[in-house]
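Q: I would like to learn how to read a protein model one feature at a time. Where do we start?

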Amino acid sequence: MAANEKNNGSVTGHQKALVQVKNLVKHFPVRSGLMRRVSGWVKAVDDVSFHIYEGETLGLVGESGCGKTTVGRTILRLVPATSGHVMFDDQDIFNMGANDLKNLRRYMQIIFQAPYSSRAPRMPVGESIAEGLRIHTDKSAQERYDVVIEMLARVGMRADHARRYPHEFSGGQRQRIGIARALALRPKFIVCDEPVSALDVSIQAQVLNILRELQQEFGLTYLFIAHNLSVVEHFSDRVGVMYLGKMAELADRNELYRNPLHPYTQSLMSAIPVPDPTLKRQRIILEGDVPSPLNPPSGCRFHTRCPLAFEKCAEEEPAFKDYGNEHFAACWLLESGEEGASQILR
């Protein structure tokens, strides 16, 4: 890691940030009444900043509804951002026109969570994989077919599978097809949106191994969105933790799992099963439910469930700061002169 990397996304070390997310905001309108007027806003993503180095995997974890998927789709401009900036290879994606964005699409792809619903049911998988090639390249039909066969082979499938339809495959095979489709244009960056959550454990391992091998072969950069903390630990280089539209913590994988600073991260880590029946992990049970993003709490959004919250937590939002070795967190306990949250909870 570049030791002098700062939270503003600038890179002054030898590593290059392929993706830089700066103050990303995405609010969805809530409409009600006969005239369907806007009565409120769902604050799905609220001022999130991070960067992804070229060739690395950044894991993004958090509870359902915390904004992980919205971050991934907003980065790719699949949904429009409310405000903020996303730089991809030093180009501002949000300020691009339609033609420039179309040209950039081939370098940014996504693997969706649902391997069946993300496929056109009446389109053979070979045509589905070749669709991007037809739109973004001038390859002939035979050249596109050759690429399809090559991509299927790389994900462990046969050439005759190109003529079949999505309903003829298992969940693991459909996800392999999704990987082949994302890889066909030889992108630089892939958003992996819960790519293994719908699969059996044995199939998860196969898909993760395929993703890792392809990353090493093609120099891919991943944003890996997931719920399973064990999978994220195995697969990611750095890990970001989101809570209710905000980034709570971000650090190197080993640093985060060894020394989580934020109370929310510590509660997540305490839920990871220990593969030893003779050992028991001390669980940190959070009280209450996750607040609604339609009306998030003031101050630190985690303070309503945090066992260590004090008065300032409800009044003022903590800054997302580097506490050493590129270990970012947003917590008033760390900011104060008191004993750190990681030591208090232990």
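A: What follows is a set of questions and answers on cores, helices, cysteines and single residues in this predicted model.

Q: Which residues touch the most other members of the largest nonpolar core?

A: A nonpolar core is a set of buried nonpolar residues joined through side-chain atoms within 4.5 Å. The largest one here has 59 residues, and I179, Y222, F224 and Y257 touch the most other members. Not counting residues up to four places away in sequence, Y257 touches L229, V232, E233, V239, M269 and I272. Apart from this core lies another of 34 residues, with V21, F50, V71 and I93 among them.

Q: Which residues of α4 are buried, and what covers them?

A: Buried means under 20% relative accessible area. In α4 that applies to R144, V147, V148, M151 and L152. They cover an arc of only 135° around the axis, so they sit on the same side of α4. What covers these buried residues includes α3 (125-136) and α5 (171-183). Just after α4, G156 takes a positive phi of about 85°.

Q: How many of the residues of helix α1 are buried?

A: Six of the eight residues of α1 (residues 68-75) are buried, so the helix is largely enclosed by the rest of the structure. The buried ones are K68, T70, V71, G72, T74 and I75. Just after α1, R77 takes a positive phi of about 60°.

Q: Which residues other than glycine have a positive phi, and where are they found?

A: Look at the phi value, then at the element and the accessibility. Two cases can be set side by side. N23 has a phi near 50° and is not a glycine. N23 is found in strand β1, residues 17-32, and counts as partly exposed because its relative accessibility is 42%. E326, also a residue other than glycine, has a phi near 55°. E326 lies in the loop between β11 (321-322) and β12 (328-329), and its relative accessible area of 7% means that E326 is buried.

Q: How many disulfides does a search of the whole structure find?

A: The test is a distance: two cysteine sulfur atoms must lie within 2.5 Å. The search finds zero disulfides. For C66, the nearest cysteine sulfur is that of C300, 14 Å away. C66 is buried, with a relative accessible area of 3%.

Q: Is R305 buried or exposed, and what is it in contact with?

A: Location comes before accessibility and contacts. R305 is found in the loop between α9 (263-269) and α10 (311-315). R305 counts as buried because its relative accessibility is 10%. Leaving aside neighbours within four places in sequence, R305 is in contact with E63, Y243, L286, E287, G288, D289, V290 and P291. One of these contacts can be described by atom: a polar atom of the R305 side chain lies 3.5 Å from the backbone oxygen of E287.

Q: What does the side chain of D237 reach?

A: D237 is found in the loop between α7 (229-235) and β9 (238-243). D237 is partly exposed, with a relative accessible area of 28%. Its side chain reaches the backbone nitrogen of T57 at 2.8 Å. Leaving aside neighbours within four places in sequence, D237 is in contact with E56, T57, D252 and R253.

Q: How many residues separate D237 and L58 along the chain?

A: D237 and L58 are 179 residues apart along the chain, and their C-alpha atoms are separated by 6.0 Å. For G171, which lies in helix α5, the pair is I203: 32 residues apart along the chain, with 8.9 Å between the C-alpha atoms. G171 is partly exposed, with a relative accessible area of 27%.

Key. Residues are numbered from 1 along each chain as its sequence is written. This is a predicted model: local features need pLDDT of at least 70, side-chain atom pairs count only at pLDDT 80 or more; totals for chains, interfaces and linings use all residues. Side-chain values use heavy atoms; hydrogens and water are left out. Buried means under 20% relative accessible area, exposed over 50%, partly exposed in between (1.4 Å probe, protein chains only). Contact means heavy atoms within 4.5 Å. Helices (H or I, at least four residues) and strands (E, at least two) are DSSP runs, numbered from the N terminus. A polar contact is a pair of N or O atoms within 3.5 Å; within protein, one must be able to donate a hydrogen and the other to accept it, and residues adjacent in sequence count only if both atoms are side-chain atoms. The arc is that of the directions from the helix axis to the C-beta atoms.
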